[in-house]
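Subject: Structure for you to look through

Hello,

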Amino acid sequence: MNTKNNRRKRASMQKFEQVLVELLQTKELSQISVSDICKRAGLNRSTFYANYVDIYGLADAIREKLEAQVAELYKDEVMQGFNSNNYLILFQHIAQNQIFYRTYFKLGYDEKYKILRYDYNLAKKHLDNRFIEYHMEFFKSGLTRIIQLWLQDGCKETPEEMFEIVKSEYRGREIFAEQS
């Protein structure tokens, strides 16, 4: 493969993603056209369609990138088969990538896809294998909403403060490892 062309393709894709994220800060996805994106990116429509089927394909590429980054945060834990429930890592990532998380939620991906993982086995242990589905939904929905509120407010609290808020909701349960 031609390295120069691969580099150019990656740069074009990155530019399209950046432009879509910027446009989504002021418009809804349905109000944005491929022409808008290409014009603002300074790239041709043929370049866009060489990389994406449509605007939704571009939005999905952004989602996949963010989900891959979040998965990478917890890769070691997954590979070693444990869950530290260290949401501080997640809050730090959100603080550093606010615009991408805002975009993720604006596109409604939190409803269909989940960046938040839930440790089913740990819940079975701590909840005596009862009502786990309800607890999972309560936890995921609550954490998702806390993240959304934090983002809406410009992430004024530190990631450490946000982690303390989540931990305080689970006092008395041993689901959080001791972390500082």
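A residue is called buried if its relative accessible area is under 20%, exposed if it is over 50%, and partly exposed in between, as found with a 1.4 Å probe on protein chains only. This is a predicted model, in which local features need pLDDT of at least 70 and side-chain atom pairs count only at pLDDT 80 or more, while totals for chains, interfaces and linings use all residues. Residues are numbered from 1 along each chain as its sequence is written, and side-chain values use heavy atoms, with hydrogens and water left out.

Let me begin with the rings. Rings of Phe, Tyr and Trp (for Trp, its six-membered ring) pair if their centres lie within 6.5 Å, and planes under 30 degrees apart count as stacked, over 60 as edge-to-face and the rest as tilted. Seven aromatic pairs turn up in a search of the whole structure. One of them joins Phe16 and Tyr52, edge-to-face, at 6.2 Å centre to centre and with 80° between the planes. Phe16 sits in helix H1 and Tyr52 in the loop between helix H3 (45-51) and H4, so this pair, 36 residues apart, links distant parts of the chain, where helices are DSSP runs (H or I, at least four residues) numbered from the N terminus. Both Phe16 and Tyr52 are buried. The pair of Tyr104 and Tyr109 is tilted, because the ring centres are 5.8 Å apart and the planes stand at 55°. Tyr104 is buried, with a relative accessible area of 2%, and Tyr109 is buried too, at 9%.

Leaving aside residues up to four places away in sequence, Leu20 touches several others, including Leu29, Ile37 and Leu58, where contact means heavy atoms within 4.5 Å.

Finally, H6 and H10 pack at an angle of about 35°, with their axes 11 Å apart; axes are lines fitted to C-alpha atoms, for helices over the stretch in contact, and angles run from 0 to 180 degrees between N-to-C directions. Among the residues that meet there are Phe91 in H6 and Trp150 in H10.

Best wishes

How values were computed: Helices (H or I, at least four residues) and strands (E, at least two) are DSSP runs, numbered from the N terminus.
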